Amino acid sequence: MNYLAAVAALAEHAIARKVAAGRPDSEDEKTLKEMAAQIRKKIAREDVSLPDVPGKVPEKAGLTAPGMGPNASDACVKCGLCAAKCPVGAIDPISMKPDSKKCISCMRCISVCPVGAKKLGKAVTSLGGVALGVLCANRKECELFL
């Protein structure tokens, strides 16, 4: 799939809520509106050049370890919401099992599960929050790739 533009935008982490808490904020909203205007201008120019997006899309932050991705418990009703909402398609929509090679440990599946069937232990959640807190200690700004 080809893209005309890409945006890296910050948002509060789905599980470690202290990481990027309150993001996107009003400053981000202003920046994102400006970026949208730049994208609209590119489209109006009929510029179909591909953006130079660094890294892998999306790129693992180096925090993922085998088995760190959440598995479904017996409470899973196989509704498929976690598979549908996974940003990298790491959850098989039939078995509901995550592919550890694709999983970026974003924990979106945990945050969207309507029955709470996807979980991580408290120790893993706490350690992940600490690691993300260090990694994300300084404010990062949104980025536009045209």
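1. Let me start with R139, which pairs with E27 in a salt bridge whose closest N and O atoms are 3.9 Å apart. R139 sits in the loop between helix 4 and strand 4 and E27 belongs to helix 1, so this pair ties together parts that are 112 residues apart in sequence. E27 is partly exposed, at a relative accessible area of 45%. Do keep in mind that this is a predicted model.

2. R139 also forms a salt bridge with D25, and here the closest N and O atoms are 2.9 Å apart. This pair again links distant parts of the chain, 114 residues apart: D25 is in the loop between strand 1 (6-8) and helix 1 (26-44), while R139 is in the loop between helix 4 (122-135) and strand 4 (143-145). R139 is partly exposed at 39% relative accessible area, and D25 counts as partly exposed at 21%.

3. Is the R23 and D28 pair buried or exposed? Their side chains meet in a salt bridge at 2.5 Å, N to O. Buried means under 20% relative accessible area, so R23, at 10%, counts as buried, and so does D28, at 1%.

4. The structure has 6 salt bridges by the rule used here.

5. Now to the nonpolar side. The largest nonpolar core has 10 residues: C82, A83, C86, A90, I91, M96, C103, M107, C109 and I110. Helix 2 (81-85) and helix 3 (108-112) are the elements that give two or more residues to this core. A83 is in contact with I91, D92 and P93, leaving aside its neighbours within four places in sequence.

6. How many cavities of 30 Å³ or more does a search of the whole structure find? There are 2.

Definitions and conventions:
Residues numbered from 1 in each chain as written. Predicted model: local features only at pLDDT ≥ 70, side-chain atom pairs only at ≥ 80, totals over all residues. Heavy atoms only, no water. 1 Å grid on protein atoms, 1.4 Å probe; cavity = no way out; pocket = protein on both sides within 12 Å on 5 of 7 lines; lining within 4 Å. Points joined across faces, edges and corners; volume = space filled by probe spheres on them. Core = buried A, V, L, I, M, F, W, Y, C linked by side-chain atoms within 4.5 Å. Buried < 20%, exposed > 50% of the residue type's maximum accessible area, 1.4 Å probe, protein only. Helix = DSSP H or I, 4+ residues; strand = E, 2+ residues; numbered from the N terminus. Contact = heavy atoms within 4.5 Å. Salt bridge = Lys/Arg side-chain N within 4 Å of Asp/Glu carboxyl O.
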